[in-house]
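This note is intended for a colleague who is meeting the structure for the first time. Please read the numbered points with the sequence and the model in view.

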Amino acid sequence: MRARALVTTALAPALWLALGGIRQEEGIRSTPIDPLTIADDDFARHRDPAEWRGLAVTQIEFREERGAWRLFRIANPKKPRGPFWFVPHDNENAGFEAALAGVRKHGGVVIAVDSGIAEDGKRRNAAVDRGRPIDPNRNFRDGYPRYANAILADYARGARPIIALHTNSPGFDTGASRCNQSDRPGRGEVSIRFCDDVMQPHPSQGRAWPFDDDDTLAYVAWRSGTSPSTAWCGRALVNADFNLVFERVAVSDGSLSNYALLRGLDYVNFETQERGLEPAALAESRNRLTAMIDRALTLCMRR
C-alpha cells in the first residue's frame with residue numbers, strides 16, 4: 001500500500017508514450033491496444049465500447065533488474081491535465097474501477113500495473129528471474145530508475161495530482177497498534193483506528209458516508225521533523241471531516257507515497273475495504289473511493 005525508503009534517483013523528464021505507434025526508448029516498449037480485446041480480468045468487466053469512448057489505451061512493457069513489467073496506460077486526450085491515477089495492485093479490483101470512472105470524469109491518465117505476465121489478478125509481480133515476487137508499491141527505490149520513470153512519465157508532463165487507489169482487508173493488526181488494542185484482530189495497518197509512530201490517524205467526527213467505515217480513509221505523507229500540516233492537502237481534508245491518516249516519513253520503504261513526498265510531488269492515497277467481485281460489492285467499494293476522490297479534488301486543487 002504506502003511508503004517508507006529513501007530514494008535519490010531524480011524523476012526523469014517526460015519519457016515518450018506517443019499514441020501513434022510503437023516506440024522504443026530507454027528499453028521501454030509502448031503499444032496502443034484495443035481495450036475490448038485485452039485478456040485481463042479488469043478489462044473483461046468492461047466490454048461495452050461506450051465505456052472506452054474518448055479514451056486511449058496503451059500497453060507498456062520493460063525489464064529492470066530481475067523483473068519484467070507490464071503496465072496499462074489509460075488516457076483521456078481531451079482532458080490531459082487531469083489527475084495521475086495509480087493502481088499498483090492487480091488484485092485490488094475496485095481501485096481499477098474507481099480509476100476508470102475517474103479518468104472519464106476528471107481526465108488525466110491511469111497507470112495500472114498488470115501482474116498477468118505470470119498470473120493475472122495477483123498483488124505481486126511474479127515475472128521475476130529469481131527471488132520472490134515484487135510488490136509494485138515497494139519498487140520505487142534507488143537503482144530502479146526505469147520503473148519509477150515509466151510509471152510517472154505523465155506526471156512529469158503535467159498530469160497531477162497523483163491519486164493512488166487501494167483496497168484492503170478489514171480491520172488491523174491490534175498487536176502492532178498503539179491504540180484500540182482491544183478491537184477484534186485483523187491484518188495490516190489500514191484502519192482509522194490503527195496508530196503507531198508512523199501512522200497518525202485523524203478520524204472523521206461526523207462519520208458520514210463514506211466514512212462510516214473504519215477502513216475507508218485517505219493517507220497523506222509528511223516529512224519527519226516538520227509538522228503534519230505540511231502534508232499536501234492534509235489540512236483541507238481534516239477540515240472536510242475525512243477519515244485521514246498522516247504518515248510520517250523518515251526513511252522510505254520504497255512505496256510511491258514516500259517517493260512522492262521526498263521529491264515534492266502532489267500525492268494522496270485513498271483506501272477502502274476489498275468487498276469482492278459481486279457487482280453490488282464491487283460497486284460499493286468503487287463508490288466509496290469515487291466519493292472521496294470527487295470531494296478531495298474540489299478541495300485540494302484550490303491549493
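1. Two residues are taken to be in contact when heavy atoms of theirs lie within 4.5 Å. The model under discussion is predicted. With that cut-off, and with neighbours within four places in sequence set aside, Asp114 is in contact with Asp40, Arg70, Phe72, Asp90 and Asp120.

2. Is Asp114 buried or exposed? Its relative accessibility is 4%, and because buried means under 20%, Asp114 counts as buried. A polar atom of the Asp114 side chain lies 2.9 Å from the backbone nitrogen of Gly116.

3. The overall dimensions of the chain come next. A compact globule of 303 residues would have a radius of gyration near 19 Å, and the value for the chain, 18 Å, agrees with this. The C-alpha trace spans about 55 × 40 × 40 Å along its principal axes. In secondary structure, the chain comprises six helices and eleven strands.

4. Of its 303 residues, 54% count as buried. Among contacts with a separation of 6 or more, 72% are made by residues 24 or more positions apart.

5. How many aromatic pairs does the chain contain? The count comes to ten. In one of these pairs, the ring centres of Phe140 and Tyr259 are 5.6 Å apart and the planes stand at 55 degrees, so the pair is classed as tilted. This pair links distant parts of the chain, for Phe140 belongs to the loop between β6 and α3 and Tyr259 to helix α5 (residues 256-262), 119 residues apart.

6. Both partners of that pair are shielded from solvent by the accessibility criterion. Phe140, at 0% relative accessibility, counts as buried, and Tyr259, at 2%, counts as buried. The two residues also belong to one aromatic cluster, formed by Phe62, Trp69, Phe86, Phe140, Tyr147 and Tyr259.

7. Arginine side chains are found over aromatic rings at two places. Arg263 lies over the face of Tyr259, at 3.8 Å from the ring centre. Arg160 lies over the face of Tyr155, at 4.1 Å from the ring centre.

8. Most peptide bonds are trans. The bond from Arg160 to Pro161, however, is cis, with omega near 5 degrees. Pro161 is found in the loop between α3 and β7 (162-168). A cis bond also joins Trp209 and Pro210, with omega about 10 degrees, and Pro210 lies in the loop between β8 (199-202) and β9.

9. Most residues other than glycine have a negative phi. Glu65, although not a glycine, has a positive phi of about 50 degrees. Glu65 is placed in the loop between β3 (56-64) and β4 (67-76), and at 44% relative accessibility it counts as partly exposed. Asn180, again not a glycine, has a positive phi of about 55 degrees. Asn180 lies in the loop between β7 and β8 and is partly exposed, with a relative accessible area of 29%.

10. Which residues does Ser224 touch, if those up to four places away in sequence are not counted? They are Arg248, Val249 and Ala250. Ser224 itself is located in the loop between β9 (217-223) and α4 (234-239). At 30% relative accessibility, Ser224 counts as partly exposed.

Definitions and conventions
Residues numbered from 1 in each chain as written. Predicted model: local features only at pLDDT ≥ 70, side-chain atom pairs only at ≥ 80, totals over all residues. Heavy atoms only, no water. Buried < 20%, exposed > 50% of the residue type's maximum accessible area, 1.4 Å probe, protein only. Polar contact = N/O pair within 3.5 Å; in protein donor to acceptor, adjacent residues only side chain to side chain. Phe/Tyr/Trp six-rings, centres within 6.5 Å; stacked < 30°, edge-to-face > 60°. Helix = DSSP H or I, 4+ residues; strand = E, 2+ residues; numbered from the N terminus. Lys NZ or Arg CZ within 6 Å of the ring centre and 35° of its normal. Rg over C-alpha atoms; globule rule 2.2 N^0.38 Å.
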